[in-house]
Amino acid sequence: MTLIKLNHIKKNFGAKEAEVQALKGISLEIKAGELIAITGTSGSGKSTLLNILGCLEEQTSGSYMLSDHEINSKSKLELARLRNEMFGFVLQDFSLIESYTVKQNMLLPLLYVKDKKRKKVRQEMFMELVDKLGLTEKINTKVALLSGGQKQRVAIGRALINSPKVILADEPTGSLDKKTSAEILDLLLTLNKEGKTVIIITHDPKVANHCDREIQIEDGIIFKDILR
């Protein structure tokens, strides 16, 4: 089943002489349950593409279908709700609130859930998720006191708390040591085996080689789309 369909997506930044075309006509289909690496040199358009996929940025032109939703026609409020339901984000710098505890950080996305029944179910699955991530003994520890690997696990927990269909990970192992990187990659691979669609931006060929599909971006276009 096709989950994401991009048709000739372009994205420009700046205006007139200062205008930069970050994406130059990306057409792409992603099926539910895929494990995808997006690779390319710095400035190739990888992060811009990920931001558009995650409804964090709006394309300059082209169309985006997400499941049965036409993204182009959504209001900002509708996009925010859809983003919270459909996507979990994992970033290289973790983007956690350092003064908050593990529990407070992981439960943050539930602040935007209006459905009380759905919120209650997510709160009930919190302990199961904490255990799965190996963070049971750190629930009430402030994030500032955690190691890099533990912080990334908290970030993954926060991404999963709403049970999203898609995990978008931007260099999730980029700031971690070799051993911790392997552990985080194994966790993402496990999530994919459990049915999540996982899309990873990475510079690391070892990470890309573990994915079923590698989309290579160069100068704002898809240079290669490799199925393994």
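Q: How does α6 pass α7, in a left-handed or a right-handed crossing?
A: In this predicted model, where local features need pLDDT of at least 70, side-chain atom pairs count only at pLDDT 80 or more, and totals for chains, interfaces and linings use all residues, α6 passes α7 in a right-handed crossing. A crossing is right-handed if the near helix is turned clockwise from the far one by less than a right angle, and left-handed if anticlockwise. Helices (H or I, at least four residues) and strands (E, at least two) are DSSP runs numbered from the N terminus. Residues are numbered from 1 along each chain as its sequence is written, and side-chain values use heavy atoms, with hydrogens and water left out.

Q: At what angle do α6 and α7 pack, and how far apart are their axes?
A: Helix α6 (residues 148-160) and helix α7 (residues 178-193) pack at about 15 degrees, and their axes are 10 Å apart. The axes are lines fitted to C-alpha atoms, for helices over the stretch in contact, with angles running from 0 to 180 degrees between N-to-C directions. That angle makes α6 roughly parallel to α7, given that angles under 35 degrees count as roughly parallel, over 145 as roughly antiparallel, 65 to 115 as roughly perpendicular and the rest as oblique.

Q: Which residues make the contact?
A: On α6 they are Gly149, Gln152, Arg153, Ile156 and Leu160, and on α7 they are Thr180, Glu183, Ile184, Leu187, Leu188 and Leu191, where contact means heavy atoms within 4.5 Å. By class, the contact of α6 with α7 has six nonpolar, three polar and two charged residues; Ala, Val, Leu, Ile, Met, Phe, Trp, Tyr, Cys and Pro count as nonpolar, Asp, Glu, Lys and Arg as charged, and the others, Gly among them, as polar.

Q: What is the phi of serine 67?
A: Serine 67, which is not a glycine, has a positive phi of about 55 degrees, and it sits in the loop between β4 (61-66) and β5 (69-70). Its relative accessibility of 34% places serine 67 in the partly exposed class.

Q: Changing topic, how many disulfides are there?
A: The count comes to zero disulfides, a disulfide being a pair of cysteine sulfur atoms within 2.5 Å. Cysteine 55 counts as buried at 6% relative accessibility, and cysteine 211 counts as buried at 2%.

Q: How many residues of α1 are buried?
A: Helix α1 (residues 46-53) is mostly covered, with six of its eight residues buried, namely Lys46, Thr48, Leu49, Leu50, Ile52 and Leu53.

Q: What do the buried residues of α2 pack against?
A: In helix α2 (residues 76-86), Leu79, Leu82, Asn84 and Met86 are buried, and the buried residues of α2 pack against β1 (2-13), β4, β5, β6 (87-91) and β7.

Q: Which residues does threonine 173 touch?
A: Leaving aside residues up to four places away in sequence, threonine 173 touches Ser181, Ile184 and Val207. Threonine 173 lies in the loop between β7 and α7 and is buried, with a relative accessible area of 10%.

Methods. Buried means under 20% relative accessible area, exposed over 50%, partly exposed in between (1.4 Å probe, protein chains only).
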